[in-house]
Amino acid sequence: MTASATNVPGNVLGDVSKETALQLYRGMLAVRMFEERMIELSTQGKVGGNLHLDTGQEAIAVGVCHALAPSDLVVGTHRSLAHAIAKGADLRKLAAEMLGKATGYCKGRGGKMHLTCPEVGFVTANGIVGAGLGIAAGVALRQKMTGSGPAVVSFFGDGAVNHAYFHETANLASLWNLPLLMICENNGYAVSVRADRAMAGPGVVARAAAYGIEGESVDGNDVMQVSAAAKRALGAVHAGNGPRLIECRTIRVHGHHEGDQQHYRPREEIEEAVKRDPIDRMRGFLVGQGWLTVQEETALQRELASEIDDAVAFAEQSPSPAVSELHQHVYGEERAGGSRP
C-alpha cells in the first residue's frame, strides 16, 4: 500500500501518514492483547501478585513513546507493561519476567512493578505511587550534568499529583531546568477514590504552572492527540527549555487491579469507559479512511497473537531462578578487594 497523508478530523495531528496511523494502532493492539494474555495466565496461577493493567489507557503509552527519540528514557508506574511494550521491550523477555523465569528482564525478580529494560531505554517501573517522578528527575539531572542529551519521560497517575513526590520533583525540575517530560495519566481514580474527591484546586496543569512548568491537557483516549502533544513538549525539552507536563485525561476500564469488582463505581461510568475505548476509536478512524479492511485487521490480530504465543511458550519453557541464587542481586556484588560498585 502506498504512503499517503490526510488531515485528521479536528486537526489534532495536522498531517498523519497512513503508516504512522497503522503503527499507532498496532502498538495499542499489541499492549491490549499481551495484557489480556497475562490475565489468562494469572487465572491459571502462572503470574504472581496482583495485575494492574492498562486497559483503556493504551493510547497514552503508545502515543507518547511514538514521539520519543530512540535514546530518550522512560520511567513507568505500577501499570508499566504498556510503557515497556511501547518503548520496544522484547515480548519474550517480558513474558518470562511476568512468569518469574530466569530468562526475564530482571531474571524473574522484578515482575511488572520493578521492571527494567535498559537496552530499550526503559529505566524502571515502581510500585510506590509517585516515586517514579523522583527517580526520573534524578536521571534527568544526570543527563543534564553529563550533557548526554536524551530526555526523560515520567508516567504517573492522578493520585500521584497529591503526593510530595510530584511537588518536590516539579520544584527541582523547574529550578534546575531538567530535561523532563511529566505525563499524568489521569484516569479519574486513585484506587477507589475519585479524583474530584481528592484533588483541590483547578487541576494538574495548574499545579505544574505554579512551579513555572508549561503544560497542556489532552484527550488521553485519542492516540494521535497524545502523540502530537508529546512531540510539541519534547521539542521544548530537547531544545533545553526545561521540563514540560501533559495531562492525558482517560477513564480506567478495569478495577485498580484484576479482581477488583469496582463496587464503588456506578455501572454507567464503566459502560461509558468501554464506549470510549481508544483502540475502537482508532480502528474506526482507519476504517473510515479506507486504510484498514476487515481482512487486514484479521491478519494483524493473527500476527500479534502469534508473537505473543511465541513469547509465552518461551517463558513457560524457561527455567526458574536457581534457589542457590536467591540472595543474588539483593545488594551490589562485592568486587575484588571487598568494595561494592
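This is a predicted model: local features need pLDDT of at least 70, side-chain atom pairs count only at pLDDT 80 or more; totals for chains, interfaces and linings use all residues.
**Helix packing**

Two packed helices are described by the angle between their axes and the distance between the axes.

Start with helix α4, residues 91-98, and helix α11, residues 294-317. They pack at an angle of about 50 degrees, and their axes are 8 Å apart. That angle makes α4 oblique to α11. The crossing of α4 past α11 is right-handed. On the α4 side, the contact is made by Leu91, Arg92, Ala95 and Ala96. On the α11 side, Glu307, Ile308, Asp310, Ala311, Val312, Phe314 and Ala315 take part. By class, the residues of this contact of α4 with α11 are 8 nonpolar, no polar and 3 charged.

Now take α2 and α8. Their packing angle is about 40 degrees, with the axes 8 Å apart. The two helices are therefore oblique to each other. Again the handedness can be stated: α2 passes α8 in a right-handed crossing. From α2, the contact uses Ala59, Ile60, Val62, Gly63, Val64, His66 and Ala67. From α8 come Val223, Val226, Ser227, Ala230, Lys231 and Leu234. The contact of α2 with α8 has 9 nonpolar, 3 polar and 1 charged residues.

**Salt bridges**

The count comes to 18 salt bridges. Three of them are listed here.

| Salt bridge | Closest N to O distance |
|---|---|
| Arg32 and Glu58 | 2.5 Å |
| Glu216 and Arg232 | 2.9 Å |

Take the pair Arg32 and Glu58, with closest N and O atoms 2.5 Å apart. Arg32 lies in helix α1 (residues 18-43) and Glu58 in helix α2 (residues 58-67), so the pair ties together parts 26 residues apart in sequence. Both Arg32 and Glu58 are buried.

Glu216 and Arg232 form another salt bridge. Glu216 belongs to strand β9 (residues 214-219), and Arg232 belongs to helix α8 (residues 223-238). The two are 16 residues apart, and the pair links distant parts of the chain. Glu216 counts as partly exposed, at 25% relative accessibility. Arg232 counts as partly exposed at 47%. Elsewhere, salt bridges that share partners join Asp219, Asp222, Arg276 and Arg281 into one network.

**A loop residue: Met199**

Where is Met199 placed? Met199 is in the loop between β8 (193-194) and α7 (204-209). Its relative accessibility is 17%, so Met199 counts as buried, the cut-off being under 20%. What is Met199 in contact with, leaving aside its neighbours within four places in sequence? The partners of Met199 are Asp158, Val161, Asn162, Val204 and Arg207. Gly111 is 88 residues from Met199 along the chain. The C-alpha atoms of Met199 and Gly111 are separated by 31 Å.

Note on methods: Residues are numbered from 1 along each chain as its sequence is written. Side-chain values use heavy atoms; hydrogens and water are left out. Axes are lines fitted to C-alpha atoms, for helices over the stretch in contact, and angles run from 0 to 180 degrees between N-to-C directions. Helices (H or I, at least four residues) and strands (E, at least two) are DSSP runs, numbered from the N terminus. Angles under 35 degrees count as roughly parallel, over 145 as roughly antiparallel, 65 to 115 as roughly perpendicular and the rest as oblique. A crossing is left-handed if the near helix is turned anticlockwise from the far one by less than a right angle, and right-handed if clockwise. Contact means heavy atoms within 4.5 Å. Ala, Val, Leu, Ile, Met, Phe, Trp, Tyr, Cys and Pro count as nonpolar, Asp, Glu, Lys and Arg as charged, and the others, Gly among them, as polar. A salt bridge is a side-chain nitrogen of Lys or Arg within 4 Å of a carboxyl oxygen of Asp or Glu. Buried means under 20% relative accessible area, exposed over 50%, partly exposed in between (1.4 Å probe, protein chains only).
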